[in-house]
Amino acid sequence: MIEPRAKILGHPIHPMLIVFPLGLLVTSFFFDVLALALHSGEFALVAFWMIAAGVAGGLVAAVFGLIDWLAIADDTREKRIGMWHGGLNVMMVGLFAAGWFLRRPLPSFPPLAAVVLSGIAVALALVGGWLGGELVYGRSSTIPPQQ
């Protein structure tokens with residue numbers, strides 16, 4: 001288990017910040033699926049704004065994740081997992097951002113490419129999130145508590 005460096009009132013900041021962007025971004029994909037299934041521009045428009053908020057929040061969360069990652073000792077399993085976790089999540093946010101730019105001309109009717117990018121990004125979020133959980137919980141049962 002790693003010890004986060006960026007804290008507020010003793011609580012790690014990065015895990016607090018990732019909840020909203022991750023929820024917004026993943027949910028935006030499901031709104032896109034609904035928009036396609038129901039031929040509803042309203043669902044697509046909601047997805048457009050969810051992506052904007054999710055990307056902004058994801059970039060803020062990434063700053064605190066980077067601060068925590070830099071504090072991990074080099075040449076450790078945790079450093080490598082953290083690199084993959086951060087890299088996948090940066091790619092995920094980048095794909096959502098690219099899809100958002102594709103949507104800009106007509107947010108209520110995004111091109112299929114934008115929705116496909118979101119789907120790929122959700123898959124990356126699943127793997128990146130799992131790796132983040134591995135950093136926090138993966139080996140916690142084998143590490144004795146600090147006293």
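The legends below describe an overview and several close-up views of one predicted protein model.

View 1. Residues are numbered from 1 along each chain as its sequence is written, and side-chain values use heavy atoms, with hydrogens and water left out. The secondary structure consists of four helices and two strands, where helices (H or I, at least four residues) and strands (E, at least two) are DSSP runs numbered from the N terminus. Read from the N terminus, the order of the elements is β-β-α-α-α-α. Along the principal axes, the C-alpha atoms fill a box of roughly 60 × 25 × 20 Å. Of the 147 residues in the chain, 35% are buried, a word that stands for under 20% relative accessible area, while exposed stands for over 50% and partly exposed for values in between (1.4 Å probe, protein chains only). Among the contacts with a separation of 6 or more, 72% are between residues 24 or more positions apart, a contact being heavy atoms within 4.5 Å.

**View 2. Confidence along the chain.** The predictor's confidence in each residue is given as pLDDT, on a scale from 0 to 100. The chain has an average pLDDT of 89, and 91% of the residues score at least 70. Of the elements, helix 3 has the highest mean pLDDT (96), and strand 1, at residues 7-8, has the lowest (74). Over residues 140-144 the pLDDT falls below 50, and this stretch has two contacts in the model beyond near neighbours in sequence. Where pLDDT is low, the predicted coordinates should not be read in detail.

**View 3. Aromatic rings that pair.** Rings of Phe, Tyr and Trp (its six-membered ring) pair if their centres lie within 6.5 Å, and the pair is called stacked when the planes are under 30 degrees apart, edge-to-face when they are over 60, and tilted for the rest. The count by this rule is five aromatic pairs. In one of them, the ring centres of Phe-29 and Phe-30 are 5.6 Å apart with planes at 65°, so this pair is edge-to-face. Phe-30 has 47% relative accessibility and therefore counts as partly exposed. The rings of Phe-48 and Trp-100, by contrast, have planes at 15° and centres 5.0 Å apart, so they are stacked. This pair links distant parts of the chain, since Phe-48 belongs to helix 2 (residues 41-70) and Trp-100 to helix 3 (residues 77-103), 52 residues apart. Both Phe-48 and Trp-100 are buried, and together with Trp-49 and Phe-101 they form one aromatic cluster.

View 4. Lys-79 is found in helix 3 and, with 10% relative accessibility, counts as buried. The charged end of Lys-79 sits over the ring of Trp-69, 4.1 Å from the ring centre, a description used when NZ of Lys or CZ of Arg is within 6 Å of the ring centre and within 35 degrees of the ring normal. Lys-79 also forms a salt bridge with Asp-74, whose closest N and O atoms are 3.5 Å apart; the term requires a side-chain nitrogen of Lys or Arg within 4 Å of a carboxyl oxygen of Asp or Glu. Asp-74, with a relative accessible area of 56%, is exposed. Apart from neighbours within four places in sequence, Lys-79 is in contact with Trp-69, Leu-70, Ile-72, Ala-73 and Asp-74.

View 5. The structure holds three salt bridges. In one of them, Arg-103 meets Asp-32, with the closest N and O atoms 2.4 Å apart. Arg-103 lies in helix 3 and Asp-32 in helix 1 (residues 13-38), so this pair ties together parts that are 71 residues apart in sequence. Arg-103 is buried, with a relative accessible area of 0%, and Asp-32 counts as buried at 1% relative accessibility. Another salt bridge joins the side chains of Glu-134 and Arg-77 at 2.5 Å, N to O. Because Glu-134 lies in helix 4 (residues 112-138) and Arg-77 in helix 3, the pair ties together parts 57 residues apart in sequence. Glu-134 counts as buried at 17% relative accessibility, whereas Arg-77 is partly exposed, with a relative accessible area of 29%.

Technical notes
This is a predicted model: local features need pLDDT of at least 70, side-chain atom pairs count only at pLDDT 80 or more; totals for chains, interfaces and linings use all residues.
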